Amino acid sequence: MFLCIKSVGMPGEYVPIDYIPVIIVLFVATLIGLLPLVMGVILRPRRPYPLKLSPYESGIEPVGEPRYRFSVRFYVIAMLFVVFDVEVVFLYPWAVAFDKLGLFGFIEMMIFIFMLLVGYIYAWEKGALEWD
Amino acid sequence: MDLQDLRLLAPEIVFILFALILLLLDLMVKRKEVIALTGLVGVGISAYINYRLVKMGWLGGVLQDVFLFDGYSNFFKLIFYINLVLTILISLRYMKIEQTSYGEYYCLLFFATSGMMIMASAGDLIVLYLGLELMALSTYVLAGIIRRQRRSAEAAMKYFFLGAFSSAFLLYGIAIVYGLTGTTHLKGIASGLHELGLLNNPITLLGLVFFIIAFGFKIALVPFHMWAPDVYEGAPTSVTAFMSVGPKAAGFAVIGRVFFDAFAELDIQWSAILVPLAILTMATGSILALSQRNIKRMLAYSSIAHAGYAILGIITGTAEGLVSTMNYLMIYTFMNIGAFSVVILLRREDLLGEDLEDYAGLSKEHPVAAALMLIFMFSLTGIPPTAGFIAKFYVFMEAIYSGYVPLVIVAVLFSVVSAFFYLRVVMYMYMKEPGERVELSMSGGMGIALTITTIMVILLGIYPSLLLEFVRASVLG
Amino acid sequence: MVPLSWYILLSTVVFGIGVIGFIIRRNLIMIFLSIELMLNSVNISLAAFSHYLQSMTGQILVFFVITVAAAEAAIGLAIIIALYRHKPSITAEEVNLLKG
């Protein structure tokens, strides 16, 4: 529906009419996020007393740090993921232009993947993929 | 796409192939000497292929000139080969002393060197950027390879942040130039700037300034030198030797390429920017080195000062000036790695051997090591008959021919200042009484490296034409 | 179509934010993110130039910048972790062993 709206500005004057759907979606998304919060504030009964306001209303007293340390494994896996994931960026243009590039492009991409493979084997053998 | 072109890429292809082999070899072999030896074989094969290609006269551009295989790039590749071989030779024993015998070390040296080779051959800004990043990312890791030492990790961090910062500037410069001329090809940029009448455009100048900032970081020009002393001190000494020569020479290679090819018509502008930077660099390097007690830190400031001298040849904007800078860099390679080799000699399990006091009375206990250090210190100062004198002499002569007489006077003055801190090392070695007894960590590889560097420093000092004719032939054809 | 100058303005502003962030921030992760911001601001201008000039070169460079930025992220975080193991703090002031 929105896509049917034509640009109405003067010649040479720029009106970003094509972006109206984006703005409307942005607006609606914000509204959907805010609406439950606002409704909650309006509708709920509000009778505060100290015990209710304390963070641990029931159960035992908190023991130790609430934030516990992540295993360093997470970082290693994340780093490996980032590197190997982004290399895929080169596979997309190659896949799109595969017909034109032909055999030469195929061999080139195989060399590229071979290099990634060497890195992968290295990471594997070094135990970067082991969990413990 | 002409497959025939690919043969000119053979040295780089062999190099990267060997880097991958070293990586896999590390998984299979326990003895690190095997990896180092395989690496040396790889350098030999690559250098031989390079030599054969040059002998057959197959010079030219590859893939529409984005990769240039010419005398200029081949000369710089020779520097990188020498740098890599000497670094491998001095590392073997040292890395054991540091308890850091990782196979990755050699693999990273290979990747860094292939990045430098790609930089020297780049005929297009994209290739230049990729080569630079390949070199930079490998050297960041190399600087921090002694994981159990906090100062090594700190050095890596500082190098990483400032290096990444500078490469962002390089990218912005590339984007500006690309936006103006519509190409990233160096020759295309030159013709684009000329034809579109952009030579006096302030935006072009902004792009040029961004390039100078980025390359200035790589060769440690003041005021972009802040990282150098910390990184040189914190990194393993063998890596310091490697990166005080390799990335610096690669930085000069791209400066020569970009400024002489793409911004050839703006030579007045970039000379005007580089002159104050050169003076600041020589001044800061020489004066701050005076107060250093740590020899690695002192050599770091000295290498900053040397970048200031070497850039004089670029400032002239002439082909002869470029020749003198390249001559300087080759000689600097030998004398600087030589000096760092002696620093490594003093490193033991229980002694860092980096403080000036550790050199006290070295001549009495180890006269040969002291004599070698004497030669390298004389050469770094620029005292004849060592090669360092020849290097400075030709750069200064070219600057005088181009009319930069005041600049040369300043340079000579700071050379005199630099004599104070270089000769202080000599004074400590020969005139002080020895402290505790020092054992040297000598090894076969180290012996070869010291022999090569010493012979070259003396030989090139006595027969300067040996190298100079070679440089001239490779640049001027 | 959005005019080219808007993109350049956006890219310059983002690059400037990155530079300022790099200089004034004290948390290493934030400094690192500032660098990423600088790289991506360049990507904006490269893509805009590429479209405006109708040449693919800019977009090719954007691809490479994205991959290099990923490699840089991996290495940068690895270095920060290596440093963190020596001293569990990641503010720039405490990286102070090397001075002179």
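At what angle do α3(B) and helix α19 (residues 464–476) of chain B pack, and how many Å apart are their axes?

1. The angle is about 140°, and the axes of α3(B) and α19(B) are 7 Å apart. Axes here are lines fitted to C-alpha atoms, for helices over the stretch in contact, with angles from 0 to 180 degrees between N-to-C directions. That makes α3(B) oblique to α19(B) (under 35 degrees is roughly parallel, over 145 roughly antiparallel, 65 to 115 roughly perpendicular, the rest oblique).

2. A word on the model: it is predicted, with local features needing pLDDT of at least 70 and side-chain atom pairs pLDDT 80 or more, while totals for chains, interfaces and linings use all residues. Residues are numbered from 1 along each chain as its sequence is written, and chains are lettered from A and ligands numbered from 1 in the order written.

3. Where the two helices meet, α3(B) brings G71(B), Y72(B), N74(B) and F75(B), and α19(B) brings V471(B), S474(B) and V475(B) (contact: C-beta atoms, placed from the backbone, within 7 Å).

4. T87(B) also sits in α3(B), which spans residues 71–97 (helices are DSSP runs of H or I, at least four residues; strands are E, at least two; both numbered from the N terminus). T87(B) is buried because 27 other C-beta atoms lie within 10 Å (buried means 20 or more, exposed 12 or fewer, partly exposed in between). T87(B) touches L109(B), S238(B), A241(B) and F242(B), leaving aside residues up to four places away in sequence.

5. Chain A has 5 helices and 0 strands. Of its 132 residues, 2% count as buried.
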